[in-house]
Amino acid sequence: MTDYGTTSSRHQLVFTKSSTESGEENFAVIAEQTGVTFVDTTAPIDTLCTYMVQTMGKSAALDSTPTEALSATSAIARPKLNAGVNSEGKPCFDWAPVEGAVKYEIYRSTKSGKGYTLIATLEDGNAYVDETVAGGKTFYYKVKAVGNVSSAESAEVKLTGKCAAPQISIALNETSGKPVISWQKGSGAKKYTVYSATSENGKYKSIGTSQTTSYTDSKAVPGTQYYYKVVANGSKSSYNSAYSNVTFAVGYAAQPQVTLKNDSKGKPVVSWKKVSEADKYVVVYVDVTDMEDESQLTEQFVMDNLQYVEVSKKKT
């Protein structure tokens, strides 16, 4: 039996091959362990490595002979993915840079463990966002590091796209004075839930839903400042978006619905329906004799200090 040196205890020995200057092969002990797996963390990348293993018994007389030599070319490490979904609802993942890698290949499938196709190659960076995925769609992903040799594929990750968080804006309805929240339609969204609060960091409550891209807060009290945010709802709650940005508005009283007719004496009578938020009403007389057309009325009203007469809430 070949003597590979003495050891302090009876364990499994792992031998690795090297070459002498004369070209002769030489095996040296590189590990002594009780476990049944050995990882050669010092193996150079893209190098043919050869190993033998010998079992050591309770005494030297019980030691086995070494196994036949087994060879493998050391590869680069396979990436370990950190995966999730970003604020836009898109699957995303990154990984630590792999020594020896000059690029990374991204693979995707609709089924676990099979049907993978190459969807992207990254020569710079170690992160990827799949911008093509709509809310509620599920895909499986793997990444391979490529250098002079390629790594094994990473463990697959399963990611489901979510609805993108809406970007909302706000305006006041010119007729009703109510806040109108608007946004762009997002892929995968079935409806949108609108939340409001009376302070930016206050407790938000759901005030309604919309299947379009806007919502009017018909219950907003004029003069009260409200803050709003919106969630896009997918076909399942797990597909819902994150909250949108926050915006705010202060509504005003609605315009009265006005009618004009002449009384029995031929005098103009201006009437309107009661406005619940009104404290009083103002009637404005506008002289349009110098206007070329009535389209100038709004501009004239804004620019000129016009005569007006106050009247009570009671119709006159």
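Predicted model: local features only at pLDDT ≥ 70, side-chain atom pairs only at ≥ 80, totals over all residues.
Residues are numbered from 1 along each chain as its sequence is written. Local features need pLDDT of at least 70, and side-chain atom pairs count only at pLDDT 80 or more, while totals for chains, interfaces and linings use all residues.

The protein chain holds one helix and 22 strands (DSSP runs, H or I of at least four residues for helices and E of at least two for strands, numbered from the N terminus). Of its 316 residues, 32% are buried, meaning under 20% relative accessible area with a 1.4 Å probe, protein chains only. As for contacts (heavy atoms within 4.5 Å), 55% of those between residues at least 6 apart in sequence join residues at least 24 apart.

Four strands make up an open sheet in the order β15-β14-β17-β18, paired antiparallel; pairing takes at least two DSSP bridges between two strands. β15 (205-210) and β18 (247-250) sit at the edges with a single partner strand each, so one side of each has no neighbour in the sheet. Between β17 (residues 225-233) and β18 there are four bridges, and glutamine 225 has valine 250 of β18 as its bridge partner.

Then there is the second largest pocket, whose lining splits into nine nonpolar, three polar and one charged residue. Of the 13 lining residues, Asp40, Thr41, Ala43, Ser74 and Ala75 are the closest to the pocket centre. The elements giving two or more residues to this lining are β3 (48-55) and β4 (70-73). A pocket here is an open set of points on a 1 Å grid over the protein atoms alone, where a 1.4 Å probe fits, with protein on both sides within 12 Å along at least five of seven lines; lining residues have an atom within 4 Å of a point.

Notes
Heavy atoms only, no water. Nonpolar A, V, L, I, M, F, W, Y, C, P; charged D, E, K, R; others polar. Buried < 20%, exposed > 50% of the residue type's maximum accessible area, 1.4 Å probe, protein only.
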